[in-house]
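Let's take a walk through the charged pairs of a protein model. Have the sequence and the 3D view open as you read.

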Amino acid sequence: MNRVLGIDPGSRVTGYGIIESDGTRSRHLGSGCIRTAAGDFPARLGEIFHGIAGVLAEWQPQEVAVEQVFVSRNVASALKLGQARGAAILAAAQQGIPIYEYSPR
């Protein structure tokens, strides 16, 4: 069974879910979210990084799946989302865990 951490990044709320899959069947193990405090954006990025690092330490996934940035009308929001995504990706990359990116659809 392969354990996968899925991440739905956000600058205020970053969601995650853990599954185990054998390629045919998948089983939900856990899920949650990292809610950042209001205020300084760089500090919120640090909270995302440390929150994902904690999830990685607790669940020990073999792979990480991260949602790609979806750009609608607000470019500034897309840039913040990209930075939040980067903080989450860095937490996994620092531990040498393979990271795969997927479309929001």
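Predicted model: local features only at pLDDT ≥ 70, side-chain atom pairs only at ≥ 80, totals over all residues.

The paragraphs below follow the salt bridges one by one.

Residues are numbered from 1 along each chain as its sequence is written, and side-chain values use heavy atoms, leaving out hydrogens and water.

Side chains of opposite charge can pair when their charged atoms come close. In this model you will find three salt bridges (a side-chain nitrogen of Lys or Arg within 4 Å of a carboxyl oxygen of Asp or Glu).

Start at arginine 3, whose salt bridge with glutamate 20 has its closest N and O atoms 2.9 Å apart. This pair ties together distant parts of the chain, 17 residues apart: arginine 3 lies in strand β1 (residues 2–8) and glutamate 20 in strand β2 (residues 13–21). Helices (H or I, at least four residues) and strands (E, at least two) are DSSP runs, numbered from the N terminus.

Now stay with glutamate 20, which also meets arginine 27 in a salt bridge at 2.8 Å, N to O. Is glutamate 20 buried or exposed? Its relative accessible area is 12%, so glutamate 20 is buried (under 20%; exposed is over 50% and partly exposed in between, with a 1.4 Å probe and protein chains only). Arginine 27, at 45%, is partly exposed.

Finally, look at arginine 85 and glutamate 101, whose closest N and O atoms are 2.0 Å apart in a salt bridge. Here helix α2 (residues 75–94), holding arginine 85, is linked to strand β5 (residues 99–102), holding glutamate 101. Arginine 85 counts as buried at 12% relative accessibility, whereas glutamate 101 is partly exposed at 44%. Elsewhere, shared partners join Arg3, Glu20 and Arg27 into one network of salt bridges.
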